[in-house]
Amino acid sequence: MSAVIGYAPLLWQGLLTTILVTVLSGALCLVVAFAAGLARLSSHRYLRWPAGVFIEVFRGTSLLVQMFWLFFALPFFGIQLHPLTAAVLALGLNEGAYAAEVVRGAIASRAKGQTEACIALGMEPALRLRRVIVPQSIPAMLPPFGNVMVDLLKNTSLVSLVTVTDLTFRAQMIRSTTGQTTAIFLTILVMYFVLSCLLTLLTGWLERRFALDRKAIAAQRTESRLMKVGAA
Amino acid sequence: MIWDNDFAISVFPLLLEGLWVTVQITLLGTLLAAVLGLVFAVLRRLAIPVLSPVVSFFVVFVRGTPLLVQAYCAFFVLPAYGVSFDAFTTGLVVIGVNYSAYMAEVYRSGIQGVPKGQWEASTALSLPGARTWGRIILPQAVRTVVPMLGNYLIQMFKDSAVLSAITVVELMATAQAIGSSNFRYLEPLTLAALLFLAISYPASRLVNRLERRYAPQH
């Protein structure tokens, strides 16, 4: 255990890097998800097709291959990415491709009457999307988005393989200098576990916050509180 | 010329050998995950004191931690306690156990999906527990799980690349080794990506079709 305490500052830095990578690639993932997911639903073929190819390629190959490709193969085209850039790009694009399918699915399963009502009211397609379709789809997107984000957090451990000094990288460093393998790996396992629990809690909170029927939920809550009071 | 075609052709057979290892890991790993997952799901459902909560926590913990770190744990920590296997076996067990945690969740929803009347009817007929599970509940629960098994198979096929970090010589590790010994990463990595795509894309189309065909009836 002494190794863990002695090297705590190093682990702390690794933790911060892991969080940084998660936040950056999470943001990229959301942008990619909406761009590709909406393009996939477009009525224009030249938007729909490239989005489809992008989604299938990034979902069909392994994240590690993508990350290594961006880091090791791209230099042959004269583009040398910083390890962090390559890592964030790979994570964001890969998880973004999965999330794009979530966006597509959530929007495609909206009640058709909403779109028809918008058309009847003479709303432009962009306004329709922004004011009606997307806001209505968000509650349906949140639970699968939560899963994607937890996946992304766990996959950030792969960035250690392209020399980003995240939690896993630091743990490997400490392991090779101290040889205290068990303590160090159990510590970071627990750290990752706590992070993913926090992320799950955050999604749960967002789900309640964005639930379509907030009034009904509030009513339910008061009712259960009253019942508790009654029971006491 | 950026892309060296001759080099690409010369390394292709090596990559196919790596692909074969990946396929072996995927098939055996899915089998292990499917069996272990079922055991976990049933143990959780039986509500045995101490054991069931421990299994529940284990499942949640495995789902909340990265596969890579789990693989490192098995690869570096276990030998310190005298338990050591070759990289292939370690990798297989790690990925199998990792996916069993996800499979357990799928089985759980399958078991929950079996109508309550089936349990009640089994009790009314005073069937013993083993027969209730073996002949009534599980056959109905597993049917809904089969399409998900296909999805996890494809997912594992791609995830097994992570095992290259613990020196399992599968497709990804082969591509990396070729890259570092020839100082040319473009061809092996691109071919590896294409090989992954060439298998997982048709496979996922097939699973989608099966999913639609064998959609649960209740």
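In the predicted model, helices α7(B) and α8(B) run roughly antiparallel to each other. Helix α7 covers residues 171-182 of chain B, and helix α8 covers residues 186-213 of chain B. The two pack at an angle of about 165°. That angle counts as roughly antiparallel because it lies over 145 degrees. Their axes are 8 Å apart. The crossing of α7(B) past α8(B) is right-handed. On the α7(B) side, the contact is made by B:Leu171, B:Met172, B:Ala175, B:Ile178 and B:Gly179. These meet B:Pro188, B:Leu189, B:Ala192, B:Leu195 and B:Phe196 of α8(B). By class, the contact of α7(B) with α8(B) holds nine nonpolar residues, one polar residue and no charged residues. In an α-helix, residues three or four places apart point the same way, because there are 3.6 residues a turn.

Chain B as a whole contains eight helices and zero strands. Its pattern along the sequence is α-α-α-α-α-α-α-α. The C-alpha trace of chain B spans about 75 × 45 × 25 Å along its principal axes.

A second pairing within chain B joins helix α1 (residues 5-46) and helix α4 (residues 87-113). Their axes come within 5 Å and cross at roughly 45°. That angle makes α1(B) oblique to α4(B). The passage of α1(B) across α4(B) is right-handed. In the contact of α1(B) with α4(B), 20 residues are nonpolar, six are polar and four are charged.

A straight helix of 31 residues would span 45 Å at 1.5 Å a residue. Between its end C-alpha atoms, α6 of chain B spans only 37 Å. The helix α6(B) bends by about 45° at B:Leu138. A proline, B:Pro139, follows within four residues.

Helix packing also links the two chains. Helix α9 (residues 181-209) of chain A and helix α3 (residues 67-77) of chain B have axes that come within 10 Å. These axes cross at roughly 165°. The helices α9(A) and α3(B) are therefore roughly antiparallel to each other. The crossing of α9(A) past α3(B) is left-handed. From α9(A), the contact involves A:Thr181, A:Thr182, A:Phe185, A:Ile188, A:Leu189 and A:Tyr192. Their partners in α3(B) are B:Val69, B:Gln70, B:Tyr72, B:Cys73, B:Phe76 and B:Val77. Nine nonpolar and three polar residues make up the contact of α9(A) with α3(B), with no charged residues.

Terms used: Residues numbered from 1 in each chain as written. Chains lettered and ligands numbered in written order. Predicted model: local features only at pLDDT ≥ 70, side-chain atom pairs only at ≥ 80, totals over all residues. Heavy atoms only, no water. Expected span 1.5 Å × (residues − 1). Bend = angle between axes of the 7 residues up to and from the residue. Axes fitted to C-alpha atoms, helices over the stretch in contact; angles between N-to-C directions. Parallel < 35°, antiparallel > 145°, perpendicular 65-115°, else oblique. Left-handed = near helix turned anticlockwise from the far one by under 90°. Contact = heavy atoms within 4.5 Å. Nonpolar A, V, L, I, M, F, W, Y, C, P; charged D, E, K, R; others polar.
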